[in-house]
Amino acid sequence: MSKQQKVAIVTGASRGIGRAIALKLAEGNFTVIVNYAGSAEKAQAVVTDIETAGGRAQAVQADISDAAAVERLFATTLERFGRLDVVVHNAGIMEMGHITTDSLDVLDRALSVNLRGSWLVMAKAAEVLEQGGRIIALSSSVLAKSFPGYGAYIASKAGVEGLVKVLANELRGREITVNAVAPGPVATELFFEGKSEEQVAHIAGMAPLERLGQPEEIAGTVAFLVGPDGGWVNAQILRANGGFA
Ligand SMILES: NC(=O)c1ccc[n+]([C@@H]2O[C@H](COP(=O)([O-])OP(=O)(O)OC[C@H]3O[C@@H](n4cnc5c(N)ncnc54)[C@H](OP(=O)(O)O)[C@@H]3O)[C@@H](O)[C@H]2O)c1
């Protein structure tokens, strides 16, 4: 490996938006750590796709809500590749549940994976990133909608947006940018899960562009923030959503 080749971790890169981000960064000459929770085969398929196209990647299992697992994810990256330039914290879950006394477990799971996971991954990124590094977390444009049933998810992602802005301030002086990308509805398993065709069509029609986003479009937004043209963008929430505001 060339000493100059930059290294990126993408959490939740076995499928959906994370997979597209991993492929895009590899195309941009990053060595990519393809993190996943349970989908080992899918993560390995992403690695194979990257290698087939001439890039470098490694799959690393780690539940990002588990502090020891996050330590291991970063340690494995640094042991194998010796540097870390970019962390895209994309892993997340979305579970529906109205705000009722018997759905506390939905809140606990959302906070554990989406918020505690973001804390752990961003904290570790802040500890080890090279000068000039980039941290990008995934939020969601659904924060602007406040749909019934989205309480736990929206609470967790609002927390992520808060962490991004605070961390950008805490990293003053290190030339590290910290931003979030907040997609509108994107055609992935997370979005389609539990929705009827009618519900999908209704939500897809809400944005002025009248369609779902594609994972590659979110990957393009992340690539902008990671690349030289995104260097002055810091402590921002970039809402890539077709106008789903
Ligand atoms: N799709 C949308 O409409 C949409 C809109 C706004 C924001 N987002 C956000 O974008 C991100 C990606 O969403 P997506 O639609 O691509 O989701 P997805 O298709 O469900 O994929 C989720 C990814 O996260 C990983 N993951 C889940 N829990 C994890 C954990 N505890 N530790 C490590 N990895 C974990 C999964 O790994 P395994 O395969 O191993 O389970 C998978 O790679 C999420 O943060 C989501 O909230 C999505």
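1. Helices (H or I, at least four residues) and strands (E, at least two) are DSSP runs, numbered from the N terminus. Glu-51, for example, has its place in helix H2, residues 40-52. The model is predicted: local features need pLDDT of at least 70, side-chain atom pairs count only at pLDDT 80 or more, and totals for chains, interfaces and linings use all residues. Residues are numbered from 1 along each chain as its sequence is written.

2. On burial, a residue is called buried if 20 or more other C-beta atoms lie within 10 Å of its own, exposed if 12 or fewer, and partly exposed in between, with C-beta atoms placed from the backbone. Glu-51 is partly exposed because 13 other C-beta atoms lie within 10 Å.

3. A nonpolar core is a set of buried Ala, Val, Leu, Ile, Met, Phe, Trp, Tyr and Cys residues joined through C-beta atoms within 7 Å. The largest such core has 63 residues, and those with the most contacts inside it are Ala-8, Val-10, Ile-21, Ala-22, Val-32 and Val-34. Helix H1 (residues 16-27) contributes the largest share of this core, 7 residues. Apart from it lies another core, of 8 residues, including Ala-110, Val-113, Val-142 and Tyr-153.

4. Contact means that the C-beta atoms of two residues, placed from the backbone, lie within 7 Å. Not counting residues up to four places away in sequence, Val-32 touches Ala-8, Val-10, Ala-22, Leu-25, Ala-26, Ile-50 and Ala-57.

5. The ligand is surrounded by 33 residues, of which the closest are Gly-12, Gly-16, Ser-39, Gly-92 and Leu-190; a residue is near a molecule if its C-beta atom, placed from the backbone, lies within 6 Å of it. At least two residues of this shell are supplied by each of H1, strand E2 (31-36), helix H4 (104-128) and helix H6 (189-192). The shell divides into 15 nonpolar, 14 polar and 4 charged residues. Here Ala, Val, Leu, Ile, Met, Phe, Trp, Tyr, Cys and Pro count as nonpolar, Asp, Glu, Lys and Arg as charged, and the others, Gly among them, as polar.

6. The 12 residues of helix H8 (residues 215-226) should span 16 Å at 1.5 Å a residue, which agrees with the 16 Å between its end C-alpha atoms; the expected span is 1.5 Å times one less than the number of residues. Its buried residues are Pro-215, Ile-218, Ala-219, Thr-221, Val-222, Leu-225 and Val-226. They cover an arc of only 160° around the axis and therefore lie on the same side of H8, the arc being that of the directions from the helix axis to the C-beta atoms. These residues pack against H1, strand E4 (86-89), strand E5 (134-138), strand E6 (177-181) and strand E7 (237-238).

7. Leaving aside neighbours within four places in sequence, Leu-225 is in contact with Arg-134, Ile-136, Asn-179, Gly-230, Val-233 and Leu-238.

8. For helix H5 (residues 151-170), 20 residues should span 28 Å, and the end C-alpha atoms are 29 Å apart, which agrees. The buried residues of H5 pack against H4, E5 and E6.

9. Asn-241 lies in the segment after E7 and counts as buried, with 24 C-beta neighbours inside 10 Å. Not counting residues up to four places away in sequence, Asn-241 touches Ser-141, Pro-183, Gly-184, Ala-207 and Gly-213.
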